[in-house]
Amino acid sequence: MSDDRPKITDGMTEEELNARHAEKMAKKKAAREKIMATKTGEKGLVIVHTGKGKGKSSAAFGMIFRHIAHGKPCAVVQFIKGAMSTGERDLILKHFSEICQFHTMGEGFTWDTQDKARDIEMAQAAWAKAKEMIRDERNSMVLLDEINIAMRYDYIDVNEVIDFIATEKPAMTHVVLTGRNAKDELIEFADLVTEMEMVKHPFRSGVKAQIGVEF
């Protein structure tokens with residue numbers, strides 16, 4: 001049902017409309033600056049990207065590339081991916097290996113390996129490498145790519161991960177943990193959690209993973 005009541009701006013000149021808009025934006029700016037003035041703290045964040053939607057690792061690598069662009073040392077440990085080349089890994093290893101350490105520890109997804117004992121062994125090796133990277137205070141950010149999957153299958157104990165980050169992570173180091181089905185305990189512990197929601201995906205229409213989009 002349409003609303004035929006006259007609007008406040010009806011009959012106003014363009015100059016009056018512009019002045020009204022400027023006044024409105026000035027109030028918003030003042031309110032925003034008042035809020036931002038109270039946000040003075042800094043800390044190393046625990047960041048979780050989870051959910052069924054695409055973009056968890058992509059968003060995390062976006063932050064890694066921001067660190068690289070700012071000249072901040074960082075590190076990536078991949079827990080699952082490893083059976084195939086990816087654009088992010090190739091780019092970092094070729095051009096930015098001096099500032100970003102990259103460790104691909106996985107051998108593919110569990111349905112690829114079909115060897116639970118081997119999966120657990122590799123996940124534990126990746127976790128050992130992750131702890132080494134997090135302990136290194138030179139790293140401003142450490143990305144633990146697909147670690148949530150390893151914790152989901154209990155290849156790594158989520159409580160061990162939380163306890164380590166809580167007690168041994170340097171104060172200003174950011175740790176990013178990606179992958180579907182993040183454990184509730186991790187979500188509760190983290191500072192920043194984003195859940196990617198899938199609305200549509202071309203895979204359901206018969207479109208395979210494509211270079212430059214998925215890898």
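This is a short tour of the structure above, one selection at a time.

Before you click, note that the model is predicted, so to speak of local features needs pLDDT of at least 70 and side-chain atom pairs count only at pLDDT 80 or more, while totals for chains, interfaces and linings use all residues. Residues are numbered from 1 along each chain as its sequence is written, and side-chain values use heavy atoms, with hydrogens and water left out.

**Stop 1: the main core**

Start with F79, W127, L144, I147, I156 and L177. They have the most contacts inside the largest nonpolar core, which has 31 residues. A nonpolar core here is a set of buried Ala, Val, Leu, Ile, Met, Phe, Trp, Tyr and Cys residues joined through side-chain atoms within 4.5 Å. "Buried" means under 20% relative accessible area, "exposed" means over 50%, and "partly exposed" is in between, using a 1.4 Å probe and protein chains only.

Now colour the elements that give two or more residues to this core: β1 (46–50), β2 (74–78), α5 (116–135), β4 (141–145), α6 (147–152), α7 and β5. The helices (H or I, at least four residues) and strands (E, at least two) are DSSP runs, numbered from the N terminus. Which element gives the largest share of the core? That is α5, with six residues. As background, nonpolar side chains tend to be buried together in soluble globular proteins.

Zoom in on F79. Setting aside residues up to four places away in sequence, F79 touches G106, A123, A126, W127, A130, L144, D145, E146, I147, A150 and I156. Contact means heavy atoms within 4.5 Å.

There is also a second, separate core of 14 residues, and I47, F61, V76 and I92 are among them.

**Stop 2: paired rings**

A search of the whole structure finds three aromatic pairs. Rings of Phe, Tyr and Trp (its six-membered ring) pair if their centres lie within 6.5 Å; planes under 30 degrees apart count as stacked, over 60 as edge-to-face and the rest as tilted. F61 and F102 are stacked, at 6.1 Å centre to centre with 10° between the planes. F61 lies in helix α2 (residues 56–69) and F102 in strand β3 (residues 100–104), so the pair ties together parts that are 41 residues apart in sequence. Both F61 and F102 are buried.

Next, select Y153 and Y155. Their ring centres are 5.7 Å apart and the planes are at 25°, so this pair is stacked. Are these two buried or partly exposed? Y153 is partly exposed at 35% relative accessibility, while Y155 is buried at 9%.

**Stop 3: two residues with positive phi**

Click on D154, in the loop between α6 and α7. Its phi is near 60°, a positive value in a residue other than glycine. D154 is exposed, with a relative accessible area of 56%.

Then go to N181, in the loop between β5 and α8 (184–189). The phi of N181 is near 55°, again positive in a residue other than glycine. N181 is partly exposed, at 38%.

**Stop 4: salt bridges**

A salt bridge is a side-chain nitrogen of Lys or Arg within 4 Å of a carboxyl oxygen of Asp or Glu. How many are there by this rule? The count is eight salt bridges.

- Select K27 and E23: their closest N and O atoms are 3.8 Å apart. Both lie in helix α1 (residues 14–36), four residues apart, about one turn of the helix.
- Select E121 and R118: here the closest N and O atoms are 3.3 Å apart. These two are three residues apart in helix α5, about one helical turn.
- Select E168 and R135: they meet at 2.7 Å, N to O. E168 lies in helix α7 and R135 in helix α5, so this pair ties together parts that are 33 residues apart in sequence.

**Stop 5: a buried lysine**

Finish at K169, in the loop between α7 (158–168) and β5 (174–178). K169 is buried yet has no salt bridge, and the nearest side chain of opposite charge, D191, is 6.4 Å away. For charges, Lys and Arg count as positive and Asp and Glu as negative; His and the chain ends are not counted.

What does the side chain of K169 reach? It reaches the backbone oxygen of T173 at 2.8 Å. Leaving aside neighbours within four places in sequence, K169 is in contact with G44, V46, I134, F164 and V175.

Key
Polar contact = N/O pair within 3.5 Å; in protein donor to acceptor, adjacent residues only side chain to side chain.
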